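The entries follow in the order I made them.

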Amino acid sequence: MISAFNEEWYFSERFSEEWLSWQVEDLSDENISQVFTSQGFDKVRLPHTVKELESNYCNEEDYQLLSTYCHVIDVPENWQNKHVFVTFGAAAHLAKVYLNGQLLGQHKNGYTALTVELTEALRFGQKNLLLVQVDSRESSNIPPVGKAVDYLTYGGLYRGVSLEVKETSYFEDV
């Protein structure tokens with residue numbers, strides 16, 4: 001089962017290590033939004049950019065930041081003997097994917113997809129916090145590198161995201 005996973009995300013233009021220790025299993029569906037907005041998050045739909053710029057304005061430092069995307073996943077018990085993956089169409093430029101505070105994967109390329117298996121860190125029958133740290137700051141070892149392109153680059157989860165639940169045995173890359 002593959003499903004689009006673009007709704008109900010929360011975004012902050014900053015990152016805090018404190019957020020990695022958040023416990024979400026006690027949150028109710030009614031107060032999730034309130035908890036995130038009280039921490040300075042905005043509710044967003046993916047694809048999303050870290051900063052919208054005016055067409056006649058060009059300050060690269062405005063969108064080069066360390067930001068955070070969060071999503072609460074209510075994981076049913078019947079996923080327990082399955083494999084669960086999340087695929088980001090693209091995350092510019094360095095992405096680190098955490099589930100319940102555990103780093104499960106990272107990707108240094110803003111132009112290709114990133115798939116991370118969530119299974120080992122999932123809490124079945126509970127709410128789980130998926131947190132993605134996105135570093136859109138320019139880096140000499142992650143292209144494009146400044147002055148090499150004649151356009152503004154960007155940051156964020158700027159392509160769609162999908163969640164996939166697979167059986168214990170499955171074909172890979174057929």
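This is a predicted model: local features need pLDDT of at least 70, side-chain atom pairs count only at pLDDT 80 or more; totals for chains, interfaces and linings use all residues.

Entry on Thr119. I found Thr119 in the loop between strand 8 (114–117) and strand 9. Is Thr119 buried or exposed? Its relative accessibility is 18%, so I count Thr119 as buried. I then looked at its side chain, which makes a polar contact of 2.9 Å with the side chain of Glu117. Setting aside neighbours within four places in sequence, I listed Lys82, His83, Val84 and Phe124 as the contacts of Thr119.

I traced an open sheet of 6 strands with antiparallel pairing, in the order 3-2-4-9-6-7. Strand 3 (42–44) and strand 7 (102–108) are at the edges and have a single partner strand each, so one side of each lacks a neighbour in the sheet. On average, and ignoring direction, neighbouring strands here are turned by 25 degrees against each other.

Entry on strand 6. I followed strand 6 (residues 94–99) to strand 9 (residues 126–135) and found antiparallel pairing over 6 bridges. Strand 6 is also joined to strand 7 by 6 bridges, again antiparallel. For Leu94 I noted Asp135 as the bridge partner in strand 9 and Lys108 as the bridge partner in strand 7. Strands 6 and 7 form a hairpin with 2 residues between them, and Asn100 in the turn has a positive phi of about 50 degrees.

Technical notes: Residues are numbered from 1 along each chain as its sequence is written. Side-chain values use heavy atoms; hydrogens and water are left out. Two strands pair if DSSP finds at least two bridges between them. Helices (H or I, at least four residues) and strands (E, at least two) are DSSP runs, numbered from the N terminus. Axes are lines fitted to C-alpha atoms, for helices over the stretch in contact, and angles run from 0 to 180 degrees between N-to-C directions. Buried means under 20% relative accessible area, exposed over 50%, partly exposed in between (1.4 Å probe, protein chains only). A polar contact is a pair of N or O atoms within 3.5 Å; within protein, one must be able to donate a hydrogen and the other to accept it, and residues adjacent in sequence count only if both atoms are side-chain atoms. Contact means heavy atoms within 4.5 Å.
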